[in-house]
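Please find below a short note on the model under review. It is written for a reader who is new to protein structure.

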Amino acid sequence: MGGVGRQNITVKYMGQLSERPFLLACLRKFLRKEAEAEASRLCKFWQEQLMNPEWYPFKCDTTGGISEETINDDDVKLQELRATWGEESYKALVKALVNSFLELKECGKLSDRTIVAQLWNFKEDRKATLSESVEYVCSKVKSLSNKNV
């Protein structure tokens, strides 16, 4: 087994929001310490919204017989987000929400909105292949075995 660096494969929690876009948005309005606290609060709030199966901030657009889900700009929560945080922050936060929704949909967890652990190849920004996953698990077992010797 070779070729896949262990640092490239790790567990990604599909559907879990990253705090980074929230922090970047907050740094536009607050000093560092305040921004970190507010980003944490915002991330938690929007993660709760994301996990709420009654909230679906998308609309279905059909062009040339092809349906595509896009952000519903008329969604009340998203309008409040834009009004409170401004356009740049809104775009960053919506991107984080969209990515999380797409991840949940891809994993088939959009209906129950549960976060799913997935082995992920971060170097190539995709799900890890079966062979990469096996190599990752073997390296973890070997690492644990070496620690216990």
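1. Basis of the note. This is a predicted model, in which local features need pLDDT of at least 70 and side-chain atom pairs count only at pLDDT 80 or more, while totals for chains, interfaces and linings use all residues. Residues are numbered from 1 along each chain as its sequence is written, and side-chain values use heavy atoms, with hydrogens and water left out.

2. The open sheet. Helices (H or I, at least four residues) and strands (E, at least two) are DSSP runs numbered from the N terminus, and two strands pair if DSSP finds at least two bridges between them. Three strands make up an open sheet with antiparallel pairing, in the order E1-E4-E5. Its edge strands, each pairing on one side only, are E1 (9–14) and E5 (126–127). Strand E4 (residues 116–121) is joined to E5 by two bridges, and Asn121 has Arg126 in E5 as its bridge partner. In general, strands of a sheet pair through backbone hydrogen bonds.

3. The helix across the sheet. Helix H4 (residues 130–148) lies across E1, E4 and E5, and runs at about 110 degrees to E1. Such angles run from 0 to 180 degrees between N-to-C directions, with axes fitted to C-alpha atoms, for helices over the stretch in contact (heavy atoms within 4.5 Å).

4. The loop residue Asp125. Which residue is found in the loop between E4 and E5? Asp125 is found there, and has a positive phi of about 50 degrees although it is not a glycine. Most residues other than glycine have a negative phi. Asp125 is exposed, at a relative accessible area of 55% (exposed means over 50%, buried under 20%, partly exposed in between, with a 1.4 Å probe and protein chains only).

5. The hairpin. Strands E2 (residues 58–63) and E3 (residues 66–71) pair in the antiparallel sense over six bridges. Thr62 stands opposite Ser67 in E3. Two residues lie between E2 and E3 in this hairpin, and Gly64 in the turn has a positive phi of about 60 degrees.

6. The largest pocket. A pocket is an open set of points on a 1 Å grid where a 1.4 Å probe fits, with protein on both sides within 12 Å along at least five of seven lines; lining residues have an atom within 4 Å of a point. The largest pocket holds about 300 Å³ of space, a volume filled by probe spheres set on the points. Of its 16 lining residues, Ser18, Pro21, Lys95, Ala96 and Asn99 lie nearest its centre. H3 gives the largest share of the lining, six residues.
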